[in-house]
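Please consult both while reading the points below.

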Amino acid sequence: MERKTHGRHSEVLAPRRTPRRTPAGSRRPAAKVLFTAMAVLAAVSVLAGVLFVAGRDHAQPVRIAAANSSMPLFGSSVGFEGLAQTTAQFGQMPIVRVYYPGLPAANAWDGGVAGANHSAVIVSFKALPTDILSGADDATLTHFFDTAPTGHPIYYSYYHEPEDNIADGQFTLADYKAAWARVVALADAARNPDLHSTLILMSWDLVKASGRDWKSYLPGGGIISTLGWDAYPVGSATNVNPQPTEPADFMGPCIAASESVGLPYGFAEFGLSTTTGRAAWMTEVGNYLMSSGALFATVFNGVAEYPTLQLTDQASQDVWKGFVAESAQAQSNLGSSPPTPAPSSPVAAPTPASPAPTADAGWLTGLTLSPVQFAGTGNNHTTISFRIGQAADVTVLVLAADGTVVRQIAKPAHAAGQVAVPYYGFADVGARLPAGSYRVLVVASNASGSASAETTLTLSAP
């Protein structure tokens, strides 16, 4: 027998017949919007969530994905007794991840862990599908939904990561999906617009070797409003030779899968099971998430069974604390209106009624690369450094020779001052870029206008 705790729940199961999750390697398609003008001018609207870019002094047009400026809600997994400690590490979090090993507690929202942070929450609970379908749990779930607060999103998940349980014969897929329908019916009866049914799956499902079709777990009929993913880099789910994998490698396929069915998405778990290189990796993941379109991202901060996933090193804590602070500030700037699920589809940039104001280009200065040439092996990188004289939304673009944007890194609502962005030589789809010359274009914009600067990066053969 095996004590299963993967997926942060604990129960006795038969020996596992499927391997643990590993990083997904499929490609992430990106929506591209073609702009044919010959001058680069960006105007990012935080409220509209659209990035406008026109090329300047480029032989080829710039291709860029429409950018949603709504920053994800950043947070962490918590237990009631550990909330104070987690808040001390990361600051007041806009969202927390809460697990119930069974049905939710009667005081979940009033004195319980789900409501303790007074914020958005990703909350999961469990019961056998046969019990749900029998109506035995109706009263408990009705109370849970009826007493849920309003004013911030509640992403509730019935039996997150059910894949292994179904494979091991604990319950059938048909019963699981039918139980989801009953749970959602009980939630809908509460008439709380902040309750969002959230199916949480393993990113391992998206790897061909898993032998799984992730869509088979998705109940039909619009029962699920949001997809959540538990995604881990190479080796971290098993703590076997963990590697600081590029976020596009293990998160990108989850985004592509979600977009393929038109559902909004977020990351309910992620983490790196080693302190080696973790702070730099957390920076790269945070930057990736900010322009990913995800609604939320909560780092898994370890438990007794997974101590190596806990952010024990101060450097990593400080990195995530910074992203949490940016997320919290973004929500404050939007009038405390956190992002809510909306169908996931490309956003076309509208034509402005009048030309966007042009700021003094001198407020984006000192663009340098260190080094200007490197081999993108994943173990080295260049640091893209520059200074902005005003607070602005910043987007760093890496362009191929034909003007196609191969990598996009967004830093919304960045304070004035020095900016440093690491780049590892990979495309947005997670593939290593071939050797050659690339343009690095930096665009900064705010209400007063925009400024840009560019330089050349050379990738050498490994």
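Pro-371 is found in the loop between β15 and β16 (373-374), where helices (H or I, at least four residues) and strands (E, at least two) are DSSP runs numbered from the N terminus. The model is predicted: local features need pLDDT of at least 70, side-chain atom pairs count only at pLDDT 80 or more, and totals for chains, interfaces and linings use all residues. Residues are numbered from 1 along each chain as its sequence is written, and side-chain values use heavy atoms, with hydrogens and water left out.

**Surroundings of Pro-371**

- The peptide bond that runs from Ser-370 to Pro-371 is cis, with omega near 0°.
- Pro-371 has a relative accessible area of 35% and is therefore partly exposed; buried means under 20% relative accessible area, exposed over 50%, and partly exposed in between (1.4 Å probe, protein chains only).
- When neighbours within four places in sequence are left aside, Pro-371 is in contact with His-381, Thr-382 and Leu-457, contact meaning heavy atoms within 4.5 Å.
- A distance of 8.9 Å separates the C-alpha atoms of Pro-371 and Ile-384, which are 13 residues apart along the chain.

**Strand β17 and its partners**

- Strand β17 (residues 382-388) is largely enclosed by the rest of the structure, because 5 of its 7 residues are buried.
- Strand β15 (residues 364-370) pairs with β17 in the antiparallel sense over 5 bridges; two strands pair if DSSP finds at least two bridges between them.
- In this pairing, Leu-364 stands opposite Ile-388 in β17.
- Strand β20 (residues 417-423) also pairs with β17 in the antiparallel sense, over 7 bridges.
- Here Ile-388 stands opposite Gly-417 in β20.
- In a regular strand, side chains alternate between the two faces of the sheet.

**Positive phi outside glycine**

- Arg-191 is a residue other than glycine with a positive phi, near 55°, and is placed in the loop between α5 (173-189) and β11 (195-202).
- Arg-191 counts as exposed because its relative accessibility is 75%.
- Asn-241, likewise a residue other than glycine, has a positive phi near 50° and is placed in the loop between β12 (226-230) and α6 (247-250).
- The relative accessibility of Asn-241 is 56%, so Asn-241 counts as exposed.

**Nonpolar cores**

- The largest nonpolar core has 74 residues, of which Val-123, Phe-145, Tyr-156, Phe-267, Phe-270 and Trp-320 touch the most other members.
- A second, separate core of 28 residues includes Leu-369, Ala-400, Ile-409 and Leu-433.
- A nonpolar core is a set of buried Ala, Val, Leu, Ile, Met, Phe, Trp, Tyr and Cys residues joined through side-chain atoms within 4.5 Å.
- Leaving aside neighbours within four places in sequence, the residues in contact with Trp-320 include Phe-74, Phe-90, Phe-270, Met-282 and Leu-311.

**Aromatic pairs and a charge over a ring**

- Rings of Phe, Tyr and Trp (its six-membered ring) pair if their centres lie within 6.5 Å; planes under 30 degrees apart count as stacked, over 60 as edge-to-face and the rest as tilted.
- By this rule there are 19 aromatic pairs.
- One of them joins Phe-171 and Tyr-176, whose ring centres are 6.0 Å apart with planes at 15°, so the pair is stacked.
- Phe-171 counts as buried at 8% relative accessibility, and Tyr-176 counts as buried at 0%.
- Trp-320 and Phe-323 form a tilted pair, because their ring centres are 6.0 Å apart and their planes are at 45°.
- Trp-320 and Phe-323 are separated by about one helical turn, being 3 residues apart in helix α9 (residues 314-333).
- Trp-320 counts as buried at 0% relative accessibility, as does Phe-323 at 5%.
- Ring pairs also link residues into a cluster, among them Trp-109, Phe-125, Tyr-158, Phe-171, Tyr-176 and Trp-180.
- Arg-97 lies over the face of Tyr-99, at 3.9 Å from the ring centre; a charge sits over a ring if NZ of Lys or CZ of Arg is within 6 Å of the ring centre and within 35 degrees of the ring normal.

**The chain as a whole**

- The chain contains 9 helices and 22 strands.
- Of its 462 residues, 56% count as buried.
- Among contacts between residues at least 6 apart in sequence, 71% join residues at least 24 apart.
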